[in-house]
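This report describes a single protein chain from its sequence and coordinates. Please keep both in view while reading.

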Amino acid sequence: FHLDTALLDADRDGVLTQAEVAGNISLSTDFARIDANTDGRLASDELRTWIGAGGLSKNARPLGDLLSGTGMDTG
């Protein structure tokens, strides 16, 4: 998985705040778990650790679930 933090880092300070990740379900849900040093900011090393532990994949949903209710299907 790849996470483009540059798109989320609105103020370009190299870290992500809760406000900056608010639109990302995986990051906002796991923010406290990812923020290992509890400084309220997600640094690249914290994100790498979380991704390495399967952070993105455990929050992934099957394509069928994502398309449910949209009128589209996977078949």
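## Basis of the report

This is a predicted model, in which local features need pLDDT of at least 70 and side-chain atom pairs count only at pLDDT 80 or more, while totals for chains, interfaces and linings use all residues. Residues are numbered from 1 along each chain as its sequence is written, and side-chain values use heavy atoms, with hydrogens and water left out.

## Overall layout

The chain has six helices and two strands, arranged along the sequence as α-β-α-α-β-α-α-α. Helices (H or I, at least four residues) and strands (E, at least two) are DSSP runs, numbered from the N terminus.

Of the 75 residues, 28% count as buried. Buried means under 20% relative accessible area, exposed means over 50%, and partly exposed lies in between (1.4 Å probe, protein chains only). The chain exposes about 5100 Å², of which carbon and sulfur atoms supply 53%; areas come from the Shrake-Rupley method with a 1.4 Å probe, and for residues only the protein chains shown count as cover. Among contacts (heavy atoms within 4.5 Å) between residues at least 6 apart in sequence, 34% join residues at least 24 apart.

## The nonpolar core

Ten residues form the largest nonpolar core: Leu 3, Leu 16, Val 21, Leu 27, Phe 31, Ile 34, Leu 42, Leu 47, Trp 50 and Leu 56. Helix H3 (31-34) and helix H4 (44-52) are the elements that give two or more residues to this core. A nonpolar core is a set of buried Ala, Val, Leu, Ile, Met, Phe, Trp, Tyr and Cys residues joined through side-chain atoms within 4.5 Å.

Leaving aside residues up to four places away in sequence, Phe 31 touches Leu 16, Thr 17, Gln 18, Val 21, Gly 40, Arg 41 and Leu 42.

## Helix H4

The buried residues of H4 are Glu 46, Leu 47 and Trp 50. They cover an arc of only 100° around the axis, which puts them on the same side of H4; the arc is that of the directions from the helix axis to the C-beta atoms. An α-helix has 3.6 residues a turn, so residues three or four places apart point the same way. The face of H4 turned away from the buried side carries the exposed residues Arg 48, Thr 49 and Gly 52.

Trp 50 has a relative accessible area of 7% and is therefore buried. H4 is followed by Gly 54, whose phi is positive, near 90°.

## Gly 55

Gly 55 is in helix H5 (residues 55-59). At 2% relative accessibility, Gly 55 counts as buried. Beyond residues up to four places away in sequence, Gly 55 touches Asp 30 and Trp 50. The C-alpha atoms of Gly 55 and Ile 34 are 8.7 Å apart, and the two residues are 21 apart along the chain.

## Charged residues

Side chains of opposite charge can pair when their charged atoms come close. A salt bridge is a side-chain nitrogen of Lys or Arg within 4 Å of a carboxyl oxygen of Asp or Glu, and by this rule there are two. In one, Arg 33 pairs with Asp 30, the closest N and O atoms being 2.6 Å apart. Arg 33 is exposed, with a relative accessible area of 57%, whereas Asp 30 is buried at 2%. In the other, Arg 41 pairs with Asp 39, with 3.7 Å between the closest N and O atoms. Arg 41 is partly exposed at 39%, and Asp 39 is partly exposed at 38%.

Not counting residues up to four places away in sequence, Glu 46 touches Ile 34, Asp 35, Ala 36, Asn 37 and Arg 41.

## Loop residues with positive phi

Arg 12 lies in the loop between helix H1 (5-8) and strand E1 (16-17). Its phi is near 55°, a positive value in a residue other than glycine. Arg 12 is exposed, with a relative accessible area of 60%.

Thr 38 is in the loop between H3 and strand E2 (41-42). Thr 38 is not a glycine, but has a positive phi of about 50°. With a relative accessible area of 67%, Thr 38 is exposed.
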